[in-house]
Amino acid sequence: MGNAIELILSDIDGTILPAGQPYVSERTADVFSAALAAGYRVGPASGRARAWMVPFLRGRDELCTTALATNGMEVYLDGELIHRETVAYGLLEELAAEMAKTPHAGLVVFDEGVPQLVAGALDDLAACFPAYAKTCRVVGAVPDAPAVKVNVFQLTDMEGTRAFVGRLNGEYPELSFDVPQAAWSNVTPRGWSKGAAVRVLCDAIGCSTDEALVFGDAGNDVPMFRVAGHSAAVAGATPEAAAAARYHIGRCEDDAVAVAIEALVVGEWPFSD
């Protein structure tokens, strides 16, 4: 094959999970299992918490024992949490004040799986991320608990989201903001990302980042693409993700990631430079 791969990670939404679908295809889940049986470390790399990933992977917990959760803020290996990052309380207070005065914007801080609306209007959150608005708890203040999953939103299009995120990255040097989709952004400590989490996981496994293969479709996958030796963007990826990826494959809807991993499992290399 000519390319040694030890670790395979894939984003979920838009990469292996088509929009509007409740879980990945049976083929995708079976291919993950086959890769595990073949000796690869395989798992998701998502903005979602690990507990939320399992239902999307057809309830098969073994497919999430190795994972980058909450945009890489939590790193799992063999079912164990081996690394966790949090966002400082004081920075969240500053960010909440900024979002409160920004039109149609807001801040969400999660308590385990429950979104908590710290700043902004519930109607705006519903327009930006309907699923979170349905289960959201309106708290109106930064919770006094470690914050792992944090998001900001602004009701705007993709171009507006890029401008919004660009402004926040300039104003908050201790934080990083990305663009996974229009109107929505993940908030992490500056320098932390899915890419940093890939390095942590590779170190724990004992492999080089050159032996990592990652799949994705959006702006929050770009740091992962830049770190891993092998990166593939699905068709329809955002311009940033497509430009950063080493390889380009078919559509999420056509199980393109599964097709690529199937080839690896039988000893074939699925990409061309």
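Tutor: Start with a pair: Ile8 stands opposite Val42 in β2. This is a predicted model, where local features need pLDDT of at least 70, side-chain atom pairs count only at pLDDT 80 or more, and totals for chains, interfaces and linings use all residues. Residues are numbered from 1 along each chain as its sequence is written, and side-chain values use heavy atoms, without hydrogens and water.

Student: How many bridges join β1 to β2?

Tutor: Four. β1 is residues 7-10, β2 is residues 41-44, and they run parallel. Strands pair if DSSP finds at least two bridges between them. Strands (E, at least two residues) and helices (H or I, at least four) are DSSP runs, numbered from the N terminus.

Student: What do β1, α1 and β2 make?

Tutor: A right-handed β-α-β unit, with α1 at residues 26-37. Right-handed means that, with the strands pointing away from the viewer, the path from the first strand over the helix to the second runs clockwise.

Student: New topic. Which residues of α6 are buried?

Tutor: Gly160, Thr161, Phe164, Val165 and Leu168. Buried means under 20% relative accessible area, exposed over 50%, partly exposed in between (1.4 Å probe, protein chains only).

Student: What does the buried side pack against?

Tutor: The buried residues of α6 pack against α3, β6, β9, β10 and β11. Contact means heavy atoms within 4.5 Å.
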